[in-house]
Amino acid sequence: MASEDVVGKRSESAVTTIVNLAEEAKMASEGVKAPSHAAIFSVCKSLAAGGIAGGVSRTAVAPLERLKILLQVQNSHSIKYNGTVQGLKYIWRTEGLRGMFKGNGTNCARIVPNSAVKFFSYEEASKGILWFYRQQTGNEDAELTPLLRLGAGACAGIIAMSATYPMDLVRGRITVQTDKSPSQYRGIFHALRTVFVEEGPRALYKGWLPSVIGVIPYVGLNFAVYESLKDWLVKTRPFGLAQDTELSVVTKLGCGAVAGTIGQTVAYPLDVIRRRMQMGGWKNAASVVIGDGKSNAPIEYSGMIDAFRKTVRHEGVGALYKGLVPNSVKVVPSIAIAFVSYEVVKDILGVEMRISD
């Protein structure tokens, strides 16, 4: 009898749960309306602002971006880049102005849709998480906590990164090739086709796992720290940095810089491993790609853990932070410019919308 009572209670609880879910779904469906023209325009505005912000910020720091990747993967038997200043001078001397921006076109082609999807996904994820949080707490005035913002930022980063990952892989390879490379990728589509034919479709997602793991602290902390800093400055108004509910462009730039610094430092070792895994299997990159400490041949990795193990064993823990200096110099203005550009473009598009109305 006791067991029958337990089963009966569990069944009743399950039925009650199902009924409650059905009622909530019914109420939600009744509240759904076709999106208005204003809502559609708002979506397009977010996508356009995110894309423009990403393109502008990456172009501004393209030479540092290329140097960072070269430092991450260069062959340990043929050191050409010994630091930020020396590396930039070497690129300028051997490849000229064009070499400073090599791979930037591919990077912009990737980062524009990536940033557009990332910013849009963050706004939509934030709205959904906030709605769910208010439903659970019963407080209609509740606001997103830093932890919830971290979750929204991580979701946005994973979605955007996964959608454009093959372009990131070929962008990395195009960036490290030089005029003396045995063969050349002629562009995004040629590189995608070559990798697909010579290495198989799975090769387009080499290094995807450390990228996903790295997205959580990198993008998540970027958004969480940036938004939390803005809210704190508006509420406390220290040193007169906030006027009413608005922050100046310089203050927003500072918030973006702090957010970018924290995010990139935590996630950097994963970025190094991702980039090295992306280069694995590229037979014509022996003169550029990192060796195993014994030969000039590029090293192969069976997975993320294997890549960590071999990197530390052959080159030490410091190898996980190769290129950190130019990346630090690069990421602070890059992230800051991206956030400020995003909000400025949104404001401009918002003004245009009101004028057209």
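Q: How do I read the packing of helix α6 and helix α7, and what are their angle and axis distance here?
A: Happy to start there. Two packed helices are described by the angle between their axes and by the distance between those axes. In this predicted model, α6 (residues 146-176) and α7 (residues 188-199) meet at an angle of about 100°, and their axes lie 9 Å apart. Angles of 65 to 115 degrees count as roughly perpendicular, so α6 is roughly perpendicular to α7.

Q: Which residues in α6 and α7 meet?
A: On the α6 side you will find Pro166, Met167, Leu169, Val170, Arg173 and Ile174. Their partners in α7 are Ile188, Ala191, Leu192, Val195 and Glu199. By class, this contact of α6 with α7 has nine nonpolar residues, two charged ones and no polar ones.

Q: And how do α8 and α9 pack, by angle and axis distance?
A: For α8 and α9 the angle is about 175°, with the axes 8 Å apart. An angle over 145 degrees counts as roughly antiparallel, which means α8 is roughly antiparallel to α9. The residues of the contact of α8 with α9 comprise 18 nonpolar, eight polar and three charged.

Q: Where does Gly207 lie, and what does Gly207 contact?
A: Gly207 is found in the loop between α7 and α8. The cut-off of under 20% applies again, so with a relative accessible area of 3%, Gly207 is buried. Beyond its neighbours within four places in sequence, Gly207 is in contact with Tyr165, Arg274 and Met277. Between Gly207 and Met279 there are 72 residues of separation in sequence and 9.2 Å in space, C-alpha to C-alpha.

Q: How many cavities does the structure hold, and what lines the largest cavity?
A: A cavity is a space where a 1.4 Å probe fits but cannot get out. This structure holds three cavities of 30 Å³ or more, and the largest cavity has about 710 Å³ of space. Its lining has 40 residues, with Arg58, Lys118, Tyr218, Val219 and Arg274 nearest the centre. Helices that each supply at least two lining residues include α2, α3, α5 and α11. α8 gives the most, with eight residues. By class, the lining of the largest cavity has 17 nonpolar, twelve polar and eleven charged residues.

Q: What about the largest pocket: how much space lies there, and which residues lie nearest its centre?
A: A pocket, unlike a cavity, is an open set of points. About 840 Å³ of space lies in the largest pocket. Of its 27 lining residues, Arg149, Glu227, Lys230, Asp231 and Glu343 lie nearest the centre. α5, α6, α8, β2 (246-247) and α11 each provide at least two residues of this lining, and the largest share, eight residues, comes from α8. Sorted by class, the lining of the largest pocket has 13 charged, eleven nonpolar and three polar residues.

Conventions. Residues numbered from 1 in each chain as written. Predicted model: local features only at pLDDT ≥ 70, side-chain atom pairs only at ≥ 80, totals over all residues. Heavy atoms only, no water. Axes fitted to C-alpha atoms, helices over the stretch in contact; angles between N-to-C directions. Helix = DSSP H or I, 4+ residues; strand = E, 2+ residues; numbered from the N terminus. Parallel < 35°, antiparallel > 145°, perpendicular 65-115°, else oblique. Contact = heavy atoms within 4.5 Å. Nonpolar A, V, L, I, M, F, W, Y, C, P; charged D, E, K, R; others polar. 1 Å grid on protein atoms, 1.4 Å probe; cavity = no way out; pocket = protein on both sides within 12 Å on 5 of 7 lines; lining within 4 Å. Points joined across faces, edges and corners; volume = space filled by probe spheres on them. Buried < 20%, exposed > 50% of the residue type's maximum accessible area, 1.4 Å probe, protein only.
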